Structure formats: structure tokens, C-alpha cells
Amino acid sequence: MIYKFRVILDAEEDIFRDIAIEKEATLEDLHNAVVNAFGFDGSEMAAFYTCDEDWTQDEEIPLFDTGDVPGEMRIMNDFTLEDILHQDQTKIIYVYDFFNMWTFLIELGAIEEKEEGESYPALLFSHGQLPNQAPDMNFEGDDFGSEFKDDYDEEDFDMFDGDDSFEDFGFDENWN
């Protein structure tokens, strides 16, 4: 079987590539297909991230083992596409070059029979030009503090001025 993906650059402009690849291929094979489809040189670190239907990032799957204990971390080459993606789980996030944060949203669009005479992976369609720089990403979260507002302000903390009772705990003895 062949998986057909749409790989979309997370940007305001419509920039995407459609890629066909065998379902038995590894995530590293998909990484290489994306790198080639967008014209990167492949020399930078990359990772896939599992996600939910709303693209909320979950587990990281890096290109190389970056863990403290060698061999403990599972990497792209340890997963086949069918291990991670199927009809019920169609989305995954891909980040290339952690300094520039090229971020791609990858969605499984179709699962089809292999076509005789075709070689995979294959670039099926290309739309838009990759910009010279990665789009700026907005890493701001929701305003979680708004639900915890209270009636205290800076003046209310003046009650602690001149209170040296914290010195009674002897914390200075424990600092190197």
C-alpha cells in the first residue's frame, strides 16, 4: 500500500508538497522525502511530533538519539509509517532545523494500491516557493493566569517588608 501525504509549510502563504511513499517506509524515509521535496540540504537536525486532530504536539521522535542513555530513545528509523499513521491517526508535525524552526503539518490524505512501474517515495505535486527564511512562529500560550486573578496588588505585599523571619530557616547554611 502507498500513503499519500500533503506536507504543508506552517506559514500564511500556501506552500505544500504532495508525497507518495510506501506504508512500510520509516519516518526517516519520510524525513528524507520532505527534505528533498522542499530543497533542503538535509544537514540539520529534525524531529517528528505526534499530535491530535487539532495539531496539538505530543511525543517527539527525533532523527538521532539525543537521550542521556544511548539506545534508550526511539528515533525515526525505529518507526514505520504504518506504526504511527493510519485512517484514525492522520496527522503528524515535522520540524526541520531547530535554529530556524521550519515547521510542517503533514496529513495522510489517501491510502492506495501501489502503481506498477512507479518508484517511491515520489513527489506528486508541488505548490508555492519556499521562502528564504522560515516563517516566524508564535509560541505564546493561552492566558492561563486570567482565571486565577485575585484582589491582591503590589501594596498588599508590603506586609512582608522588614520581616526577617525567613532567616530562621537557616537556608544560607545549605548553599555552596
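Which term describes lysine 23: buried, partly exposed or exposed? Please also explain how this residue is placed relative to the rest of the chain.

Guide: Lysine 23 is partly exposed, with a relative accessibility of 22%. The model is predicted, so local features need pLDDT of at least 70 and side-chain atom pairs count only at pLDDT 80 or more, whereas totals for chains, interfaces and linings use all residues. Residues are numbered from 1 along each chain as its sequence is written, and side-chain values use heavy atoms, with hydrogens and water left out.

The chain contains two helices and seven strands, in the order β-β-α-β-β-α-β-β-β along the sequence. Helices (H or I, at least four residues) and strands (E, at least two) are DSSP runs, numbered from the N terminus. Of the 176 residues in the chain, 32% are buried.

The side chain of lysine 23 meets that of glutamate 82 in a salt bridge, at 3.4 Å from N to O. Because lysine 23 lies in the loop between S2 and helix H1 (27-38), while glutamate 82 lies in helix H2 (residues 81-84), the pair ties together parts that are 59 residues apart in sequence. A salt bridge is defined here as a side-chain nitrogen of Lys or Arg within 4 Å of a carboxyl oxygen of Asp or Glu. Side chains of opposite charge can pair when their charged atoms come close. Glutamate 82 is also partly exposed, at 33%.

The C-alpha atoms of leucine 27 and glutamate 82 are separated by 9.6 Å, although the two residues are 55 residues apart along the chain. Leucine 27 belongs to helix H1, and its relative accessibility of 0% counts as buried.

Leucine 27 also has a place in the largest nonpolar core, which has 33 residues: Phe5, Leu27, Phe48, Tyr94 and Ile106 touch the most other members. At least two residues of this core come from each of S1, S2, H1, strand S3 (46-51), H2, strand S5 (91-96) and S6. H1 gives the largest share, seven residues. A nonpolar core is a set of buried Ala, Val, Leu, Ile, Met, Phe, Trp, Tyr and Cys residues joined through side-chain atoms within 4.5 Å. In soluble globular proteins, nonpolar side chains tend to be buried together.

Tyrosine 94 and leucine 105 are 6.4 Å apart from C-alpha to C-alpha, and 11 residues apart in sequence. Leucine 105 is in strand S6 and is buried, with a relative accessible area of 18%.

Five salt bridges are found in a search of the whole structure. Among them is the one between lysine 4 and glutamate 112, whose closest N and O atoms are 2.6 Å apart. Since lysine 4 is in strand S1 (residues 2-9) and glutamate 112 is in strand S6 (residues 102-112), this pair ties together parts that are 108 residues apart in sequence. Both ends are partly exposed: lysine 4 has a relative accessible area of 23%, and glutamate 112 has a relative accessibility of 32%.

Another pair involves glutamate 22, whose side chain meets that of lysine 114 in a salt bridge of 2.8 Å, N to O. This pair links distant parts of the chain, 92 residues apart: glutamate 22 is in strand S2 (residues 16-22), and lysine 114 is in the loop between S6 and strand S7 (122-127). Glutamate 22 is partly exposed at 27%, as is lysine 114 at 44%.

The loop between S6 and S7 also contains proline 121. A cis peptide bond joins tyrosine 120 to proline 121, with omega of about 5°. Most residues other than glycine have a negative phi, and most peptide bonds are trans.

To conclude, lysine 23 is a partly exposed residue that forms a salt bridge with glutamate 82.

Note on methods:
Buried means under 20% relative accessible area, exposed over 50%, partly exposed in between (1.4 Å probe, protein chains only).
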